[in-house]
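Hi there,

Here is the structure I promised to pass on. Have a look, and then read my notes below.

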Amino acid sequence: MKTTMSRRSFLGGAAAMSLAAGAGEAIAVESRGTFNLPNRGEFVIRSAYVMTMDPTLRDIPRGDVHVKNGAIVAVGAGLKAGGAEAIDGRDMIVLPGFVDTHWHMWNTLLRSMAGDKRELGYFPTVATLGKLFTPGDMYQGTRLAAVEAIYSGFTFVHDWCHNVRRPDFAAANLKALRESGLRGRFSYGTPQAHPPTETIDLADLERLRRDWKSSGEDLLDLGLAWRGMGAAPAVIPPEVYRKEFDAARAAGLPISVHVANLRSRAGAVDALAKANLLGKDVQLIHAIWITPEEIQAIAAAGSCVSLSPYTELRIGFGFPQTGELLAAGVTLGLSVDTTVLSGNADMFAIMKAIQNVENSRTENEFKLPARRVLELATIEGARSMGVDDRVGSLKPGKRADLIMVSTRDVNMGVFTDPAHMLVEAAQPSNVDTVVVDGRILKRRGKLMAYDTRQVVGQASAALAGVRKRGNWW
Ligand SMILES: [Zn+2]
């Protein structure tokens with residue numbers, strides 16, 4: 001049933017008081033859109049193959065993980081865990097949840113809609129339809145992406161929201177993230193088809209930042225999804241890109257930018273370096289067309305890089321320089337980017353692709369080992385997002401973001417090398433259990449807090465509305 005409500009009631013609670021400042025417009029949302037997240041309890045996973053991804057604890061072949069109130073209390077064999085609920089971990093691999101490092105979650109509403117002709121390609125499709133989105137559509141797209149993320153074993157997402165057309169667009173997006181129970185970063189970005197001569201709404205970004213903590217955000221952080229310097233035919237003037245960059249840096253917000261994704265954009269990293277626009281607070285996305293000197297500049301500045309092999313392959317950007325970046329000591333994360341191109345959000349496939357592309361490009365079977373790829377998907381991804389002190393590995397004191405992957409399924413039989421199995425054999429349907437901050441969000445292969453038929457049904461209705469408004473069939 002469709003209802004129309006004000007943004008204040010739509011958001012609810014203290015968050016609404018801050019996010020709805022300046023509200024007025026009403027937006028249509030589904031009244032049944034809110035899910036109840038399970039409580040953080042106390043449980044112990046018993047007798048699993050535990051891959052801690054911690055250099056000291058390493059793998060524990062018959063290991064236990066004790067979780068209480070959202071934190072990992074203990075990891076080891078034969079743990080005493082008092083009254084904790086026991087979860088049978090036999091025939092399961094337990095590892096940290098996957099960390100996505102860049103994902104335009106809102107446009108999951110346009111899944112697999114990049115067409116086969118230039119005018120129907122990814123960029124024109126997303127720009128044309130993105131302009132027609134309402135806050136309700138942003139909510140539906142992001143919620144669909146978030147539920148897919150949890151189903152597929154992600155526990156952290158970097159939501160790169162490049163369609164904040166008004167303050168209520170950011171609010172709707174954040175509502176979907178908050179309801180999902182995922183950990184992540186929301187990066188505030190430019191609306192689709194925004195004039196290159198105009199900045200984003202910097203006052204709104206500052207208001208969001210100022211009210212962030214008091215709005216009750218505990219699992220989500222805020223960042224800037226920066227356009228950077230642009231490229232022909234949409235070159236961003238320095239007075240615009242500098243103003244956006246300086247505002248974020250002065251506010252202490254992490255900055256993320258797409259760069260050198262096309263051969264024609266080679267030299268873009270050098271331009272950022274010369275303009276003093278790299279740094280530990282700057283994440284570079286794709287960075288495919290870069291020279292050895294530019295890789296050294298990235299490493300020297302301490303910037304991290306996000307690679308999304310499936311979208312890079314699908315759209316024809318080129319091959320990521322994974323080995324060169326790692327050899328230079330650059331922190332790498334893996335990413336979904338957009339399901340408009342990749343179709344789905346599958347970190348197992350992403351890991352397999354990054355390994356296979358690197359090994360093939362270098363004609364070397366042994367170039368990128370499975371365990372190194374698993375690090376990129378977990379602890380190194382967490383490092384690149386600045387959350388490795390909290391998540392990314394399984395050790396006492398960290399927050400409990402973990403997954404259990406079943407080895408009972410036919411594509412996972414027989415049990416051999418677990419790192420190789422995860423990178424080469426596993427798929428999202430093998431994810432038995434997903435825990436974020438101690439909340440069990442997927443168990444025995446079923447989502448606990450979401451009705452997937454409702455999520456997909458409401459998203460389908462939202463897409464039908466977007467297509468109708470755009471006369472796009
Ligand atoms: Zn992207």
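How much accessible surface does the protein chain have, and what share of it belongs to carbon and sulfur atoms? The accessible surface is about 18,500 Å², and carbon and sulfur atoms hold 52% of it (Shrake-Rupley method, 1.4 Å probe; for residues, only the protein chains shown count as cover).

Before the rest, please keep in mind that this is a predicted model, where local features need pLDDT of at least 70 and side-chain atom pairs count only at pLDDT 80 or more, while totals for chains, interfaces and linings use all residues. Residues are numbered from 1 along each chain as its sequence is written, and side-chain values use heavy atoms, with hydrogens and water left out.

Now to the zinc ion. Its protein donors (N, O and S atoms within 2.8 Å of the metal, or 3.2 Å for Na, K and Ca; water is not among the atoms, so sites may look incomplete) are H102 (NE2), H104 (NE2), H258 (NE2) and D337 (OD), at 2.1 to 2.4 Å. Along the chain they follow the spacing H-x1-H-x153-H-x78-D.

The C-alpha trace spans about 60 × 55 × 45 Å along its principal axes. Among contacts (heavy atoms within 4.5 Å) with a separation of 6 or more, 74% are between residues 24 or more positions apart.

Best wishes
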